[in-house]
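Look at the sequence and the model together before reading on.

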Amino acid sequence: MEYRKLAPFPKNFLWGSASAAYQIEGAYQEDGKGRSVWDEFVRIPGKTFKATNGDVAVDHYHRFEEDVALMAKAGLKAYRFSISWPRILPNGKGAINEAGLAFYNRLINELIAHDIEPIVTIYHWDLPQALQDEYGGWESRQIIEDFTNYAGLLFERFGDRVQHWVTLNEQNVFITHGYLTAEHPPAVTDAKRTYQANHMANLANASAIKLFHEKGYQGGIGPSFAYSPTYALNADPANQIAADNAEQLNADLWLDVYAWGRYPKLVMTYLKQNGLAPEITAADRDLLANPLAHPDFMGLNYYQTMTVTTNPLEGGVGLTKQNTSGKKGTSQASGLPGVYKTADNPFMQQTDWDWNIDPEGLRIALRRIESRYGLPVLITENGLGAYDTLAADGQINDDYRIAFLKAHVKAIQEAITDGVTVIGYTTWSFTDLLSWTNGYQKRYGFVYIDRDETDEKELKRYPKDSFYWYQRVIKSNGEII
């Protein structure tokens, strides 16, 4: 729909930015922190770009006050960050590391002192290695109890100051990349184990949300999902079926469980026919269907859309690994035989990592979530990974990032005008950070961190042009974009 005038952003709209503990904190062995699966995974040869790791990252652990001061200068209304599970519980359960809790306590208080709302992500991929070693991490039912206890500890310690909690960040990513493509820990390629681990994660998510509601903590809670709405390449009905296949298998499989507590029938039919369906007990169904286990909002991580065509069952294209080199045009078609395969969309440009640039896709994602689930949406990630250049005078001209974000902010406003309830927008990311398997060359931040894969340098912070653009957007509450 086109409108003569767009609705304004809500007065209490949470303009913010985001990060994840492993990608920014560093201090991976300090103050009693245990090891995470990522501390181990990055040491497997060939798994990350130029063997990069998060041992130091951008040293946020020691520089958080400087970083929060920059957030305040930018005018941020909210900052979404994750808590490192092994920094709090070095063994994943049992003995509490009070020094780890004290760090996050200081961070939360520093944010509040600068009128920045803390949005806490409970799990952003850094599972304690001890739990992986003990019982296989997400593949075991024991993870449900341990994750719930960990979440409960955070609720008790920080619940008086935190209004928005994100349970699991991008479950669809850490499960499929960890168990299907081996691009993340635990580096497994087993479809059966993938869907079983995913079911355990669904139960852990539901259990933590149920605890939050039962205890009556303030604010709201929900998962954060990496959603890439699917398009058919053209109006060929066969391609439309492929697009529906992909949408249900890559989105509804998670979102339906979060919001309604049940798996899509089409997906379960596919999984059963291929011997991949998880083992689901009556108690599992009861937990997932319990209204207290359903989210207060849906967290949305949006970067791109996906375009697909048919993919023959015999001789069809299988899953391929993503572009982590930053060499544009090196990605290959990926898919599931008999289900779908990806295709180049002629209407879109791509980033250097071959991600589609599609602002309208964000509006589509928001509308689909509203239409299907009727839940408020907190946009928990959205940003552009690109090569940035630090000039001799300390300036970073990133007009391409401003253009990207500007178009996405407009799409949000259009979705709000459409009737979608959007709580806030926390971009990815505030500072540059370790981009998991992509190293430090793929930059997302409003603040440039002077380091690369081989040299930490002084880790000096430099606001980019986009920093000052976002400052103006926030100050005007989205009237100036």
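Which residues lie nearest the centre of the second largest cavity? In this predicted model, they are Ala-21, Tyr-22, Gly-26, Lys-33 and Arg-87, out of 13 residues that line the second largest cavity. The volume of this cavity is about 70 Å³. Helix 1 (21-24) and helix 4 (85-88) each contribute at least two residues to its lining. Sorted by class, the lining of the second largest cavity has 5 charged residues, 4 polar and 4 nonpolar.

The search behind this covers the whole structure and returns 6 cavities of 30 Å³ or more. Rolling a probe the size of a water molecule over the atoms shows where empty space is left.

The largest cavity holds about 100 Å³ of space. Its lining consists of Val-37, Trp-38, Tyr-123, Trp-125, Leu-127, Gln-132, Trp-138, Phe-174, Tyr-179, His-184, Pro-185 and Pro-186. Two helices, helix 2 (37-41) and helix 8 (171-179), each supply at least two of the lining residues. By class, 10 residues in the lining of the largest cavity are nonpolar and 2 are polar, with no charged residue.

Gly-261, Arg-262, Tyr-263, Met-268, Lys-272, Pro-278, Ile-280, Arg-285 and Leu-288 line the second largest pocket.

The last stop is a single residue. An unreviewed UniProt entry carries the annotation "active site" at Glu-381. This residue, Glu-381, is located in strand 13, which spans residues 377-381. Is Glu-381 buried or exposed? Glu-381 counts as buried because its relative accessible area is 3%, and the cut-off for buried is under 20%.

What surrounds Glu-381 can be read from its contacts, leaving aside neighbours within four places in sequence. Glu-381 is in contact with Arg-80, His-124, Asn-169 and Glu-170, with Leu-300, Asn-301, Tyr-302 and Tyr-303, and with Thr-426 and Trp-428. With one of these residues, Asn-301, there is also a polar contact between side chains, at 3.0 Å from Glu-381.

How values were computed:
Residues numbered from 1 in each chain as written. Predicted model: local features only at pLDDT ≥ 70, side-chain atom pairs only at ≥ 80, totals over all residues. Heavy atoms only, no water. 1 Å grid on protein atoms, 1.4 Å probe; cavity = no way out; pocket = protein on both sides within 12 Å on 5 of 7 lines; lining within 4 Å. UniProt positions renumbered as here; feature names shortened; annotations may be inferred. Helix = DSSP H or I, 4+ residues; strand = E, 2+ residues; numbered from the N terminus. Buried < 20%, exposed > 50% of the residue type's maximum accessible area, 1.4 Å probe, protein only. Contact = heavy atoms within 4.5 Å. Polar contact = N/O pair within 3.5 Å; in protein donor to acceptor, adjacent residues only side chain to side chain. Points joined across faces, edges and corners; volume = space filled by probe spheres on them. Nonpolar A, V, L, I, M, F, W, Y, C, P; charged D, E, K, R; others polar.
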